[in-house]
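User: Please take a close look at the surroundings of the ligand in this model. I would value one connected account.

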Amino acid sequence: MQTFTLNNGVQIPAVGFGVFLIPNDGPTYEATLAALKAGYRHIDTAAGYMNESDVGKAVKDIGIDRKEIFITSKLWLQDYGYENAKKGIENSLKALGTDYIDLYLLHQPYGDYLGAWKALEEAYQEGKLRAIGISNITVNLWNKFKDGMSVMPAVNQVEFNPFTQQKALRQVMDENNIRLEAWYPLGHGNKDLLGNETIVSLAERYNKNPGQIILRWIYQEGVISLPKSTNPGRMAGNIDIFDFELTDEEMASIRALDTGKGTHNPEDPANETRLMGLKIHD
Ligand SMILES: NC(=O)c1ccc[n+]([C@@H]2O[C@H](COP(=O)([O-])OP(=O)(O)OC[C@H]3O[C@@H](n4cnc5c(N)ncnc54)[C@H](OP(=O)(O)O)[C@@H]3O)[C@@H](O)[C@H]2O)c1
């Protein structure tokens with residue numbers, strides 16, 4: 001699996017398997033095992049997905065050296081603030097059954113954000129977290145939080161695909177050497193995206209499926225992607241993207257599909273209210 005180098009030197013596999021919305025106590029365990037067997041070496045979970053323990057069990061049972069598997073998890077809003085975040089990090093380590101997490105993110109940009117970030121910075125200095133990062137951070141939110149951060153985030157995980165290219169945000173992240181990670185890389189299965197004429201014709205040209213063309217484009221853009229599939233063929237196919245290369249012209253033809261919009265606006269107060277209300281423990 002090809003990797004990118006994060007701003008602290010840590011290598012991250014360019015494509016990871018996301019386990020959002022897969023239930024714990026079996027399904028996430030089976031999906032993670034299947035992904036690892038298919039060749040994935042990067043699993044993206046979160047405390048908020050409530051399936052860290054299944055990921056941890058699968059990573060233990062697969063029989064692959066822990067060092068060869070890259071685990072990302074995320075702190076949920078309920079555990080923000082310095083003291084709560086310290087406990088939240090310990091809870092993630094315990095649920096995953098590991099003594100370090102490769103990448104740990106602040107999942108959403110609300111509440112006592114900088115208090116939580118300080119706890120992540122400390123756990124990073126202690127070696128419990130190999131890299132730390134942010135998620136759902138817009139340019140405005142970056143400007144709000146950046147001066148309160150001592151450690152530069154390694155990644156910003158945001159909605160990103162050919163229809164949602166985050167061009168202004170990418171420029172600011174590039175200036176700070178913060179790598180983008182793409183959630184909804186396939187538009188959450190968006191048929192208009194997967195059926196787009198430009199993408200379908202490239203799929204025919206390279207004898208790949210539209211999802212593989214999109215994921216290859218994301219890779220060539222230097223962005224980490226986190227596709228999810230519960231279909232064994234698509235799961236394997238989504239990492240079979242390293243045997244062809246899109247030309248500059250083809251890359252530009254996909255870049256031209258940007259709508260400048262996404263499905264989720266982190267600055268919408270309604271999202272803040274809704275997400276702040278989601279509790280994952282007592
Ligand atoms: N940080 C955040 O706030 C945040 C938010 C959302 C998501 N995420 C992360 O991003 C990950 C990905 O999100 P997602 O799963 O919703 O979106 P996605 O990967 O963009 O889309 C998944 C959908 O696409 C279909 N699919 C997969 N491969 C395909 C292919 N090659 N061709 C056609 N269809 C294909 C899947 O169906 P089948 O299963 O039938 O293949 C599924 O319906 C999550 O698991 C999570 O780790 C993070």
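Analyst: In what follows, Ala, Val, Leu, Ile, Met, Phe, Trp, Tyr, Cys and Pro count as nonpolar, Asp, Glu, Lys and Arg as charged, and the others, Gly among them, as polar. The model is predicted. With that division, the shell around the ligand consists of ten nonpolar, 15 polar and three charged residues. In total, 28 residues surround the ligand, and the closest are Asp 44, Leu 186, His 188, Ser 229 and Arg 234. The space that the ligand takes is the largest pocket.

For His 188, the distance from a polar side-chain atom to a ligand oxygen is 2.5 Å. For Asp 44, a polar side-chain atom is found 2.7 Å from an oxygen atom of the ligand. In the side chain of Asn 136, an N or O atom lies 2.9 Å from a ligand oxygen. The ligand taken alone exposes 920 Å², of which the protein buries 87%.

Aromatic rings may be considered next. The count comes to nine aromatic pairs. One of them joins Trp 183 and Tyr 184, whose ring centres are 4.7 Å apart with 90° between the planes, an edge-to-face arrangement. Trp 183 has a relative accessible area of 17% and is therefore buried, since buried means under 20%. Tyr 184, at 22%, is partly exposed. Tyr 219 and Phe 242 also form a pair: their ring centres lie 5.0 Å apart and their planes stand at 90°, so this pair is edge-to-face, because planes over 60 degrees apart count as such.

Key: Residues are numbered from 1 along each chain as its sequence is written. This is a predicted model: local features need pLDDT of at least 70, side-chain atom pairs count only at pLDDT 80 or more; totals for chains, interfaces and linings use all residues. Side-chain values use heavy atoms; hydrogens and water are left out. A residue is near a molecule or strand if one of its heavy atoms lies within 4 Å of it. A polar contact is a pair of N or O atoms within 3.5 Å; within protein, one must be able to donate a hydrogen and the other to accept it, and residues adjacent in sequence count only if both atoms are side-chain atoms. Accessible areas come from the Shrake-Rupley method with a 1.4 Å probe; for residues, only the protein chains shown count as cover. On a 1 Å grid over the protein atoms alone, a cavity is a set of points where a 1.4 Å probe fits but cannot get out, and a pocket is an open set with protein on both sides within 12 Å along at least five of seven lines; lining residues have an atom within 4 Å of a point. A molecule sits in a cavity or pocket if more than half of its atoms lie within 2 Å of its grid points. Rings of Phe, Tyr and Trp (its six-membered ring) pair if their centres lie within 6.5 Å; planes under 30 degrees apart count as stacked, over 60 as edge-to-face and the rest as tilted. Buried means under 20% relative accessible area, exposed over 50%, partly exposed in between (1.4 Å probe, protein chains only).
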